[in-house]
Amino acid sequence: MGWETEFLQQAVDTCTNDSGRIEDCAIFDVVDEATAKSCEFNVPPALSGEKVFEALNLLPGDVEITYGEGSDEPVEEKPKPKPTLSYTPGSIPTDINSPLPGQVFKETSAYVAPVPTTTSAPVVSVAAVPAVEPQPAPTSVHALEYVEIEPNYKSTQLVTNGNLVSKIYWAEETVWVTEVLGSTVTVEGRAAPSADAEIDPVVKRHAHRHLHPHGRRHL
Amino acid sequence: MPLTFGFSYYLLNGDNITAFPPDFQMLAGNTKRRTYTAGDPSVSDPEKSAWSSLGQTDQDSLEQRSLGFNCLNYGRDPEGTLYRHYMPDKEYLDANCANGLRLEIMFPSCWDGENVMSANHKDHVAYPDLVMNGNCPDSHPIRLPGLLYETIWGTQNFDDRDGMFVLANGDPTGKCAPDENLT
């Protein structure tokens with residue numbers, strides 16, 4: 001289970017293209033999105049009987065809430081209030097391929113996330129996709145998954161922040177009509193992209209960017 | 001709560017990165033931890049150049065800084081990865097994290113080169129001195145791919161209800177981390 005060691009080593013050593021795109025790495029044979037969405041996760045017997053969709057007295061698996069450090073025993077009273085670390089925007093790393101803690105190596109604020117799904121996706125679901133369109137919820141554990149971008153977007157937009165370039169696929173266009181002082185002004189705007197378009201550039205970019213043999217760079 | 005999204009990153013920092021050998025397993029984090037002792041959790045990490053002089057490059061401190069709880073709000077510039085090392089309470093989440101909470105965990109990426117497993121599932125690996133990058137300790141000189149997991153949770157979908165978020169192992173503070181095995 002997991003990676004074949006030789007294959008992973010080959011990936012580490014040969015995926016040297018600075019484009020960061022996984023399709024520029026010949027050893028990968030990634031499935032298309034439709035195939036990825038059709039994958040099913042066989043819930044292990046130990047989990048399949050867990051109640052997760054109803055009100056419970058304990059956490060699933062009869063797990064107690066434990067407040068005490070190092071303890072399995074629940075403590076009667078709640079602990080002190082949690083510390084609050086308020087918002088600070090993350091700094092952009094000088095080498096976007098070698099981020100450090102506290103730095104942002106995802107997209108900038110132009111990043112538009114996938115719409116979270118509140119349908120009945122089970123907690124342990126990996127790639128079970130609700131039938132509701134368009135809300136895929138892919139998860140990727142132990143392996144990189146490349147998702148082909150579906151050609152259903154209306155336009156693309158490039159946003160540059162420092163040395164980080166984000167490509168956004170807009171799936172819809174919305175025309176906004178604004179009424180100003182009795183006259184009608186039409187302003188063309190853009191709606192949020194669909195979940196498909198939102199997820200794909202994220203998956204694509206991150207599948208690319210981090211399969212670099214950074215050992216080869218001379219800083 | 002349904003898992004909204006999940007990502008695994010293979011960060012390739014350093015020279016001569018070695019792929020995980022067969023039967024390799026490792027664990028990141030400590031399921032029983034409930035407090036943050038690697039500094040003041042209500043402020044961000046100190047400047048990285050100071051970590052060594054502050055005595056914060058021991059494995060215990062680095063492990064505590066390998067956890068992140070990212071308050072997602074796409075209306076503003078994003079917080080950094082591994083910025084906040086504990087789970088904010090529901091009041092904070094409801095007020096600030098309109099797009100949910102992203103859990104981040106960075107696995108150790110330095111290996112002793114011999115053992116694919118150890119008694120506590122951790123001693124055969126170690127963090128480099130900047131958690132994600134930096135120098136491996138002499139005891140663990142072999143660099144592995146740096147595994148970073150992200151999971152996004154739709155906490156904002158519960159802002160109209162009272163309650164408390166708890167991790168599935170019973171941790172209400174977020175100080176532990178998921179057990180993971182890699183083979």
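**Strand pairing and a surface patch in a predicted model**

Trainee: How many bridges join strand β4 of chain B to β6(B)?

Mentor: In this predicted model, strand β4 of chain B covers residues 110-111 and runs antiparallel to β6(B). Across the pair, W111(B) stands opposite I142(B) in β6(B). The number of bridges joining β4(B) to β6(B) is two.

Trainee: Which are the edge strands of the open sheet of three strands in chain B?

Mentor: The strand order in this open sheet is β5-β4-β6, with antiparallel pairing. An edge strand here pairs on one side only. The edge strands of chain B are therefore β5 (125-126) and β6 (142-143).

Trainee: Why is strand β1 of chain B described as largely enclosed by the rest of the structure?

Mentor: A residue counts as buried when its relative accessible area is under 20%. Strand β1 of chain B spans residues 3-11, and it is largely enclosed because the buried residues number nine of the nine.

Trainee: Is V43(A) buried or partly exposed, and what is its relative accessible area?

Mentor: V43(A) lies in the loop between α2 (33-38) and α3 (45-48) of chain A. Together with F41(A) and L47(A), V43(A) makes a nonpolar surface patch of about 220 Å². Patch residues need over 30% relative accessible area. V43(A) is partly exposed, and its value is 36%.

Key:
Residues numbered from 1 in each chain as written. Chains lettered and ligands numbered in written order. Predicted model: local features only at pLDDT ≥ 70, side-chain atom pairs only at ≥ 80, totals over all residues. Heavy atoms only, no water. Patch = residues over 30% accessible without salt bridge, like charges linked within 9 Å, V, L, I, M, F, W, Y side chains within 5 Å. Areas by Shrake-Rupley, 256 points an atom, 1.4 Å probe, with all protein chains shown as cover. Salt bridge = Lys/Arg side-chain N within 4 Å of Asp/Glu carboxyl O. Helix = DSSP H or I, 4+ residues; strand = E, 2+ residues; numbered from the N terminus. Buried < 20%, exposed > 50% of the residue type's maximum accessible area, 1.4 Å probe, protein only.
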